[in-house]
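Colleague: I'd like to go through this one with you and ask where the labels come from. Can you put it up?

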Amino acid sequence: KSAYTSFARKYKAKKGYIESEGQLLNALRDYEKLLRVVAPMRPLLYYHYTKELNSDNTLVRAKLTKLEMELQQCGNQILFFDLNLGKIDKDKQKKFVTSKILAPYRYFLERRFATARYDLSEVEEKILSLKSLPSKSMWVDGVEKVLNKQTVPFGKKKLPIAEAQNLVANLSTQKRRKMQDDINKTLYTMS
């Protein structure tokens, strides 16, 4: 969190990085470093995988939601940076995209400039961000809960569908086809 806060403090008030190539290069390096170093992928992946194994585990779901909310708050702190990049005038955009010193960030800048016309104000973007996480995660959680309760017959026992899907690749051809047919039938009954 402190890395996001210090990035925001450093660049939110100063807009020089949207005027000069050198300052933009430094800002993009800091932005890249922030996203690369701070991104908490391990805990996020751990909670996602744990939730996949047992979607009824409310503790894991709660921790995952808390982590996602924290990441969302951090993302909202630096949202201004993307929005400011999108506000760079068209002439400077062309200059920055063709710049040799900004070449490592060319694709990022091209994509940012291309999507900038869809940007809303910072406040509106934050509201959308805050609204999207709960609704999306609730939908995904509901679907995953229903999916994880489904079972597929395998020999004399029934396997959870997620386990069956992971097992398919390790079976002989005949068993693999039978298992995949059973999985497809189970998923079809849900649709």
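This is a predicted model: local features need pLDDT of at least 70, side-chain atom pairs count only at pLDDT 80 or more; totals for chains, interfaces and linings use all residues.

Colleague: What makes Lys-126 and Glu-122 about one helical turn apart?

Modeller: Both sit in helix H8 and are four residues apart, so about one helical turn separates them.

Colleague: And why is the contact between Lys-126 and Glu-122 called a salt bridge?

Modeller: The rule asks for a side-chain nitrogen of Lys or Arg within 4 Å of a carboxyl oxygen of Asp or Glu. Lys-126 and Glu-122 have N to O at 3.5 Å, so the pair passes that rule. By this rule the count comes to seven salt bridges.

Colleague: What makes Lys-12, Glu-122 and Lys-126 a network?

Modeller: Salt bridges link the three residues. Lys-12 also pairs with Glu-122, with the closest N and O atoms 3.1 Å apart. That pair links distant parts of the chain, 110 residues apart: Lys-12 is in the loop between helix H1 (2–11) and helix H2 (21–38), and Glu-122 is in helix H8.

Colleague: Why is Glu-122 called partly exposed?

Modeller: Buried means under 20% relative accessible area, exposed over 50%, and partly exposed in between (1.4 Å probe, protein chains only). Glu-122 has 22%, so it is partly exposed. Lys-126, at 26%, is therefore partly exposed too, and Lys-12 gets that label because its value is 36%.

Colleague: How do you know that Ser-129 counts as buried?

Modeller: Its relative accessibility is 19%, so Ser-129 counts as buried. Ser-129 is found in helix H8 (residues 122–148). Leaving out residues up to four places away in sequence, Ser-129 touches Gln-72 and Asn-76, where contact means heavy atoms within 4.5 Å.

Colleague: What makes Lys-178 and Asp-182 a salt bridge?

Modeller: Their closest N and O atoms are 3.0 Å apart. Lys-178 and Asp-182 are four residues apart in helix H10 (residues 173–190), so about one helical turn lies between them. Asp-182 counts as buried because its relative accessibility is 9%.

Colleague: How much of the chain is buried?

Modeller: Of the 191 residues, 31% count as buried.

Definitions and conventions: Residues are numbered from 1 along each chain as its sequence is written. Side-chain values use heavy atoms; hydrogens and water are left out. Helices (H or I, at least four residues) and strands (E, at least two) are DSSP runs, numbered from the N terminus.
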